[in-house]
Amino acid sequence: MRQFATVLSNHPIAKGAMEMKVSVDTNEIAPGTFFHVKTSELLRRPLSVANVEGNVVTFLYKVIGAGTTDLAARRAGDKLDVLGPLGNGFPLQQAGKRVVLVGGGIGVPPLYYTRRVLAARGIETVAILGFDTKASIFYEDAFRELGETIITTVDGTYGEKGFVTGPLAQVDADVLFSCGPEPMLKAVAASHIEERYISIENRMGCGIGACFACVYQAPDGYVKVCSDGPVFRAEEVTL
Ligand SMILES: Cc1cc2nc3c(=O)[nH]c(=O)nc-3n(C[C@H](O)[C@H](O)[C@H](O)COP(=O)(O)OP(=O)(O)OC[C@H]3O[C@@H](n4cnc5c(N)ncnc54)[C@H](O)[C@@H]3O)c2cc1C
């Protein structure tokens with residue numbers, strides 16, 4: 001659904017990362033889905049739903065190019081042209097007794113809302129969140145309020161030094177939900193957890209399955225990330 005959301009707040013939360021809250025007119029929003037946001041650029045930019053409280057949706061985004069730079073300049077009261085919620089999120093019905101959430105950088109946002117919804121259903125989660133350095137970390141306290149949270153930094157300036165795969169190897173869980181850069185997804189897709197679901201954040205065009213800009217290779221052809229995903233069973237895509 002296309003609508004004009006109202007920006008409620010928009011401010012930095014870590015090095016190069018922003019938190020934007022918008023009020024939208026929507027009913028249920030499933031964890032792992034996204035909104036396609038109109039910026040100064042021709043194509044919309046997809047942003048995951050990082051949280052939902054009533055009719056307020058939170059986006060957490062990294063400022064990397066023209067579109068997100070434009071978003072970072074929006075102020076409370078501005079209108080934001082959004083399409084959504086779009087896509088298929090994490091299959092919460094598959095969540096067994098214990099779920100491990102593995103996020104890397106800008107892949108962390110959808111896991112926060114996912115964790116909140118799982119916690120409300122009484123499902124135990126452990127979160128492993130990877131960042132490049134201490135200054136890039138965001139939402140650590142928010143994640144800790146919901147359960148065990150392990151932080152890794154590549155340069156070792158905070159938490160465990162290295163990649164998320166280090167602590168993941170020690171975790172006992174039935175299901176894995178993950179989102180992050182492709183090399184990380186490739187590594188977690190090969191982990192020992194029995195059921196693995198990954199969310200892919202690639203470049204996107206229309207957001208509704210019409211333009212084929214976001215196609216991704218699959219063992220038996222291809223999938224469209226926007227309309228078949230962005231969440232897939234690890235075996236469904238060729239990373
Ligand atoms: C389903 C989905 C959900 C997403 N959720 C979030 C989110 O919650 N928070 C967030 O920060 N980002 C998220 N992203 C990524 C976000 O959409 C891009 O960072 C954004 O579109 C970049 O726009 P830009 O105009 O600022 O940068 P551009 O000017 O388009 O690009 C700047 C540079 O970054 C590269 N780049 C841009 N997008 C990507 C990408 N997706 N993967 C790899 N390289 C890229 C470009 O090639 C270029 O070098 C999501 C992507 C998808 C598909």
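Helices (H or I, at least four residues) and strands (E, at least two) are taken here as DSSP runs, numbered from the N terminus. The structure is a predicted model, in which local features need pLDDT of at least 70 and side-chain atom pairs count only at pLDDT 80 or more, whereas totals for chains, interfaces and linings use all residues. Residues are numbered from 1 along each chain as its sequence is written.

The shell around the ligand draws most from β4, which gives four residues; β4 (45–48), β6 (56–62) and α1 (66–72) each supply at least two. In total 22 residues surround the ligand, the closest being Tyr61, Gly65, Gly67, Thr68 and Glu201, where a residue is near a molecule if its C-beta atom, placed from the backbone, lies within 6 Å of it. By class, this shell has twelve nonpolar, five polar and five charged residues, with Ala, Val, Leu, Ile, Met, Phe, Trp, Tyr, Cys and Pro counted as nonpolar, Asp, Glu, Lys and Arg as charged, and the others, Gly among them, as polar.

The domain assignment of the chain gives domain 1 (2–86) and domain 2 (92–201), and the shell around the ligand draws at least three residues from each of these domains. The C-alpha centres of domain 1 and domain 2 lie 22 Å apart. Across the boundary, 14 residues of domain 1 are in contact with 16 residues of domain 2, contact requiring C-beta atoms, placed from the backbone, to lie within 7 Å. On the side of domain 1 that touches domain 2, β1 (2–14), β5 (51–53) and β6 each supply at least two residues, and β6 gives the most, with three.

A residue is buried if 20 or more other C-beta atoms lie within 10 Å of its own. Apart from neighbours within four places in sequence, Leu176 has contacts that include Val100, Val102 and Val188.

In helix α5 (residues 182–189), the buried residues are Met184, Leu185 and Val188. Viewed down the axis of α5, these residues fall within an arc of 100 degrees, so they line one face of the helix, the arc being that of the directions from the helix axis to the C-beta atoms. They pack against β8 (98–104), β9 (124–131), α4 (165–168), β12 (175–179) and β13 (195–199).

Definitions and conventions. Domains from an automatic or database assignment. Contact = placed C-beta atoms within 7 Å. Buried ≥ 20, exposed ≤ 12 C-beta atoms within 10 Å, placed from the backbone.
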